[in-house]
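Biologist: I'm new to this structure and would like a close look at one part of it. Could you pick a loop, tell me what sits around it, and spell out your terms as you go?

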Amino acid sequence: MNPRIEVGVLGATGMVGQQFLHLLAAHPWFRPSWLAASERSQGRRYSEASPWRLDTPMPDSIGSQVVETATPGVGPKLVFSALDASVAGELESAFAEAGHIVISNARNHRMDHVVPLLVPEVNAEHLGLLDRQAPERGWPGAIVTNPNCSTVALTMALGPLRQFGLRSCLVTTMQAVSGAGYPGVPSLDILGNVIPFIAGEEEKIETEAKKILGRFEGGAVRAHPLDVSAHANRVPVIDGHTETVSVAFDDAPGFDDLRAAFAAFTGEPQRLELPSAPAAPLMYLDEPNRPQPRLDARRGQGMTVTVGRLRPCKVLHWKFVVLGHNTIRGAAGAAILNSELMAAQGRLG
Ligand code: NAP
């Protein structure tokens, strides 16, 4: 058996960083050997720099590791980035320039025309952008991104519906507080309350979805013509973003067509049997009051997106509810699945 590949985690002390360490601890291919964060955490044992906040125990091997500064050229070739967006843009470029393969959660490079914005079940072929990235950027390394946490769940649900001609989509999100990082939203702002604004979120959903659902043609991604209108809300839920979605189609399908499309949805991760690939990337729940974050966000180890309440919409054609685990399928788990796909395609070499 081959030894596990050593990987680094940039932003290891944050909410997403902890989820990376949880998911990587028992990963069959990768071993987290280098933890990096800001100068605030540098030189401290991980358990002191980042008190554990997940509802799973801190992996034994992590607590005594010393956190280092995020210095390009230091650390393993493959690095996962959970860096704050205020620093991720320049730092991730510097890492790629120093020869690292950066698998990023941050927003900064997602819409770059030579950077793949991956949801492996939906657009695995977009990894072909890496063949342009190397000559155009001149980086010996590379950057690959995963989408905003709400956009992942939305595009997983819309991906199988592309065959009916997606025309327009109205999505309203109810986003968990773990999506705001740590310490995130003050308790007095969010308890018993709903905040109808998350800075930059609606724009990200509206633009990223078009790139993800777009076709890869002639070495470029042609954005999907779908129009997306998003309302983003922060709600007092710990994990799991719920989204109510209405969709209009060019060729309006029937209930059974949509139901069958959700049920049949599968992709490269399932075909390749990647370690983090859930057997069912989408699961439709027939109960009239599902999906719910507390009951359904952890399905498929947090990698399955759940859908329910499919019914006719009087304004657009059909409406339904979507739920995804924001720090797993919407962040760390998504990035790990991206790197598994790259490994399977021989792109980590
Ligand atoms: P967070 O809890 O605020 O963590 C931010 C991380 O960035 C910390 O490890 C922090 O280190 C590090 N950092 C800040 N400034 C730095 C610097 N100058 N140099 C090196 N490291 C620095 O945020 P998060 O929720 O984990 O999110 C991380 C990234 O993932 C963000 O870009 C976010 O937008 C994206 N994302 C988050 C979610 C989610 O559900 N939370 C989902 C998708 C994408 P210190 O602890 O040392 O300050």
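**A loop and its surroundings**

Modeller: Pro183 lies in the loop between strand 7 and helix 7. Helices (H or I, at least four residues) and strands (E, at least two) are DSSP runs, numbered from the N terminus. This is a predicted model, with residues numbered from 1 along each chain as its sequence is written. Local features need pLDDT of at least 70, side-chain atom pairs count only at pLDDT 80 or more, totals for chains, interfaces and linings use all residues, and side-chain values use heavy atoms, with hydrogens and water left out.

Back to the proline: the peptide bond joining Tyr182 to Pro183 is cis, with omega at about 0°.

Ser178 is also in the loop between strand 7 and helix 7, and helix 7 covers 187–190. Is Ser178 buried or exposed? Its relative accessibility is 8%, so Ser178 counts as buried (under 20% relative accessible area; exposed is over 50% and partly exposed in between, with a 1.4 Å probe and protein chains only). The Ser178 side chain makes a polar contact of 2.8 Å with the side chain of Asp239, and another polar contact, this one of 2.9 Å, joins it to the side chain of Asn326. A polar contact is a pair of N or O atoms within 3.5 Å; within protein, one must be able to donate a hydrogen and the other to accept it, and residues adjacent in sequence count only if both atoms are side-chain atoms.

Set aside the neighbours within four places in sequence, and Ser178 is in contact (heavy atoms within 4.5 Å) with Met15, Ile238, Asp239, Asn326 and Thr327. Met15 is worth a glance too: one of its backbone N or O atoms lies 3.0 Å from an oxygen atom of the ligand. Helix 1 (15–25), helix 3 (85–97) and helix 12 (328–344) are the elements that give two or more residues to the shell around the ligand. Other polar atoms come up to ligand oxygens as well, including a side-chain atom of Thr13 at 2.5 Å and a backbone atom of Gly11 at 3.2 Å.

Now step back into strand 7 (residues 166–175), where you'll find Gln175. With a relative accessibility of 1%, Gln175 counts as buried. Its side chain makes a polar contact of 2.9 Å with the side chain of Glu201. Beyond four places in sequence, the residues in contact with Gln175 are Ser150, Ile198, Glu201, Ile205, Ala232, Asn233, Arg234, Val235 and His241.

Follow Ser150 from that list and you land in helix 6, where Ser150 is among the buried residues, along with Cys149 and Thr151. Why is helix 6 (residues 149–158) described as largely enclosed by the rest of the structure? Because ten of its ten residues are buried. Asn148 caps the N-terminal end of helix 6, with a side-chain oxygen 3.0 Å from the backbone nitrogen of Ser150.

Pro291 is in the loop between strand 12 (282–285) and helix 11 (293–296).
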